[in-house]
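Work through the exercises below with the structure open. Each task is followed by a solution in steps.

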Amino acid sequence: MNAVELTRELVRIDTINPTSPEKPCAERAGRLLQDAGFAVQAFEFAPGRTSLVARRDGPEALCFVGHLDTVPLGAAKWSRDPFGGEISAGRLYGRGSSDMKSGVAAMVEAAVQLARTPLRRGLTLLLVAGEETGCEGAAHLARTPGALGNAAAMIVGEPTGNVPVVGHKGALWLRARTRGITAHGSMPDKGDNAVLKAARAALSLADFRFEVQPDPLLGGPTLNVGTLHGGLNVNSVPDEAVIGIDIRTIPSVRHAPLRERLQQRLGPEVQLETLVDLEGVRTREDDPFVQRVCDAVARATGEKARPGAATYFTDASVLTPAYGGVPTVVLGPGEMALCHQTDEHCRVDRIEQAVAAYVEIARGWCAP
Ligand SMILES: [Zn+2]
């Protein structure tokens, strides 16, 4: 077994979220980790939706995180079998090849390579289910007493093209609902128009100011009114309207007080409901763990590694705070631009580089 072969094997197991459960993928990785001396536990947030916690016990553990689910194939036709794991011209094709079965496979191989190395600190792998639909597996582990254990640093193997990524934005998705009283369209004074209330609410958000300093890598937070639905027919006064609000935050913006501010601005006529609530993650570039990761990446790739940022969110939104705000780096062999795409693929050489980097990071941390 090597990471490239394991990536192919995992790609051949359909784990499209939510139709195809992660369990077979978790079992395959679990057997390899058990053979490598890890204590392996499975946790299901729903039948077949299996997350794995694999642990070599010790203080100040280094935690590797990956997810086992993928997004659906999309409407466009693939030119390769999305569950074939075909390799052509140095690229491995398939759904999840970049996001992120290559990352999972590289983590598992790194763990297997360290099987005979005595460790002074703990080493944990979290292979979670249900990331793509809002970090369900990670959230389940975080609220299950004792499931996560301890950690003092974390690597998330999401696709970064092996660039160490030290931060990503958070997401707060809200549904804002207004209500009114319906009446005949010829007598609007007899009703109370919910669409007009929603329109006022949407306009009041257009010039919303977050009043925070932008992050040098992530930029500033943003707010977008993505949807506005209301009314059933043209000749009635609408009694309900709904706005969808997509807010992308930076880590200096806490979601609870932000939601409070928005509610105040929109007033009591607007009811807010939270759809997604994942805060941003950011580790300082001069953190010693970041330096250590950059050095390992430079040795594995032969190129100088400079910390970057990602646009997507990851399980770190849940797990970094659950571990008490540990230094966190996103680092994985997949290509950021190919996530969720038709003909998704991953460069084979990057998978091998990721294994080398993970081994070096884990050796340096756990067995100095
Ligand atoms: Zn992913």
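**Exercise 1. Find which ring Arg80 lies over, and which ring Arg121 lies over.**

Step 1. A charge sits over a ring if NZ of Lys or CZ of Arg is within 6 Å of the ring centre and within 35 degrees of the ring normal.

Step 2. Arg80 lies over the face of Tyr93, 4.2 Å from the ring centre.

Step 3. For Arg121 the ring is that of Trp365, with a distance of 4.3 Å to the ring centre.

The model is predicted: local features need pLDDT of at least 70, side-chain atom pairs count only at pLDDT 80 or more, and totals for chains, interfaces and linings use all residues. Residues are numbered from 1 along each chain as its sequence is written, and side-chain values use heavy atoms, leaving out hydrogens and water.

**Exercise 2. Classify the pair formed by Phe289 and Trp365, and state which helices hold the two residues.**

Step 1. Rings of Phe, Tyr and Trp (its six-membered ring) pair if their centres lie within 6.5 Å; planes under 30 degrees apart count as stacked, over 60 as edge-to-face and the rest as tilted.

Step 2. A search of the whole structure gives 3 aromatic pairs. In one of them, Phe289 and Trp365 have ring centres 5.6 Å apart and planes at 80°, so the pair is edge-to-face.

Step 3. Helices (H or I, at least four residues) and strands (E, at least two) are DSSP runs, numbered from the N terminus. Phe289 belongs to helix H7 (residues 288-301) and Trp365 to helix H9 (residues 348-366), so the pair ties together parts that are 76 residues apart in sequence.

Step 4. Phe289 and Trp365 are both buried, that is, under 20% relative accessible area, where exposed means over 50% and partly exposed lies in between (1.4 Å probe, protein chains only).

**Exercise 3. Give the order of the strands in the open sheet and name its edge strands.**

Step 1. Two strands pair if DSSP finds at least two bridges between them.

Step 2. The order is E4-E5-E16, with antiparallel pairing.

Step 3. Strand E4 (87-88) and strand E16 (345-347) each pair on one side only, which makes them the edge strands.

Step 4. E4 is joined to strand E5 (residues 91-93) by 2 bridges. Ser88 stands opposite Arg91 in E5.
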